[in-house]
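Morning, everyone. I'll walk you through one structure today. Please look at the screen while I talk.

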Amino acid sequence: MKPLKSESQDAETLRELGSASVQIVHDLKNQLNGLKLYATFLRKRMEKGEHPADELETVSKLIAGLERAATDMTLLIRYGRPLELRRQPGTDLARLLSDASDAAHVETAGGSYEGDFDPALLAEALKNIAVGGRVEGRPEGDDAAEVRLRQEQTAGGPVAVVEWRGVFGPSAQEDPFRSLAGGAGLRLALAAKIVRAHGGEVSHEGGVARARLPLRK
């Protein structure tokens, strides 16, 4: 195999490899969905007859595993493809954050948090960060998570800063938005991609996740 001659060729090869991988994953997901249909049919047939409970339990676990794998593949496909934003001027970031934070306490500083956002995608991103953080490190039932929303004035205009404190456990040492570890890692990577598509950025430091999003001037 001949070595690549330049960094630009290397980058182009990686882009082509990524596109091909997304298509392969898409085909594999379709095959898994087909296997899930067969397994579901088999379980229904087994439920009508006399089969040991452990056999039915095995088939049920097989179906659950296929569903998890198909879900993760769907996330990977979405992460690998370009996002199409449907921005709606005047979308209230504070409301999206409150809806996405569930039981977590949201502390919002005064001011307007309207921006030209895609409400569906951005709500998904905020939800992924909250849920993904709990999956990654926060103990079950721990309600110590706190979400803060404030504004910063920059040369380019006002910026909303969202901070999730206590969402990620102390074990989350590396950047959780780049780990791509399992379904939780994929959700966080997709959330970061959605925030960046809106002209924002995400970061993680000392157990605190942070997102910055430009607001309407």
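Let's start with the largest nonpolar core, which has 34 residues. A nonpolar core here is a set of buried Ala, Val, Leu, Ile, Met, Phe, Trp, Tyr and Cys residues joined through side-chain atoms within 4.5 Å. Buried means under 20% relative accessible area, exposed means over 50%, and partly exposed is in between, with a 1.4 Å probe and protein chains only. Which members touch the most other members? They are Leu93, Leu126, Leu149, Val162 and Trp164. Six elements each supply at least two residues: H3, helix H4 (119-136), S4, S5, H5 and S7. H5 gives the most, with 7 residues. Helices (H or I, at least four residues) and strands (E, at least two) are DSSP runs, numbered from the N terminus.

A word on the source. This is a predicted model, where local features need pLDDT of at least 70 and side-chain atom pairs count only at pLDDT 80 or more, while totals for chains, interfaces and linings use all residues. Residues are numbered from 1 along each chain as its sequence is written, and side-chain values use heavy atoms, with hydrogens and water left out.

What does Val162 touch, not counting residues up to four places away in sequence? The list is Leu93, Leu97, Val147, Arg148, Leu149, Ala209, Arg210 and Ala211. Contact means heavy atoms within 4.5 Å.

Now the whole chain. There are 5 helices and 7 strands. Along the sequence they follow the pattern α-α-β-α-β-β-α-β-β-α-β-β. Of the 217 residues, 34% are buried. Among contacts with a separation of 6 or more, 72% come from residues 24 or more positions apart.

On to the sheet. It is open, with 5 strands in the order S2-S4-S5-S7-S6 and mixed pairing. Two strands pair if DSSP finds at least two bridges between them. Why is one side of S2 and of S6 left without a neighbour in the sheet? Strand S2 (105-108) and strand S6 (201-205) stand at the edges, and each has a single partner strand, so one side of each has no neighbour there. From one strand to the next, the twist averages 20 degrees.

Let's go through some pairs. S2 and strand S4 (residues 146-154) are parallel, over 4 bridges. Thr108 has Leu149 of S4 as its bridge partner. Strand S5 (residues 157-165) and S7 run antiparallel, joined by 7 bridges. There, Arg165 is partnered by Val208 of S7. S6 and S7 are antiparallel too, over 5 bridges. Val202 has Ala211 of S7 as its partner. The hairpin of S6 and S7 has 2 residues between the strands, and Gly206 takes a positive phi near 60 degrees.

Next, helix H3, residues 93-100. Its buried residues include Leu93, Ala94, Leu96, Leu97 and Ala100. These five cover an arc of only 165 degrees around the axis, so they sit on the same side of H3. The arc is that of the directions from the helix axis to the C-beta atoms. At the start of H3, a side-chain oxygen of Asp92 comes within 3.1 Å of the backbone nitrogen of Ala94. Just after H3, Asp102 has a positive phi of about 55 degrees.

Last stop: two residues in contact. His198 lies in the loop between H5 and S6. Is His198 buried or exposed? Its relative accessible area is 3%, so His198 counts as buried. The side chain of His198 reaches the backbone oxygen of Ile194 at 2.9 Å. A polar atom of that side chain also lies 3.0 Å from the backbone nitrogen of Asp118. Among the residues that His198 touches are Leu85, Phe117 and Pro214.

Pro214 lies in strand S7. Its relative accessible area is 32%, so Pro214 is partly exposed. Pro214 and Ala160 are 54 residues apart in sequence, yet 6.2 Å apart in space, C-alpha to C-alpha. Pro214 touches Phe117, Pro158, Val159, His198, Gly199 and Gly200, leaving out residues up to four places away in sequence.

That's the tour. Thanks.

Methods: Axes are lines fitted to C-alpha atoms, for helices over the stretch in contact, and angles run from 0 to 180 degrees between N-to-C directions. A polar contact is a pair of N or O atoms within 3.5 Å; within protein, one must be able to donate a hydrogen and the other to accept it, and residues adjacent in sequence count only if both atoms are side-chain atoms.
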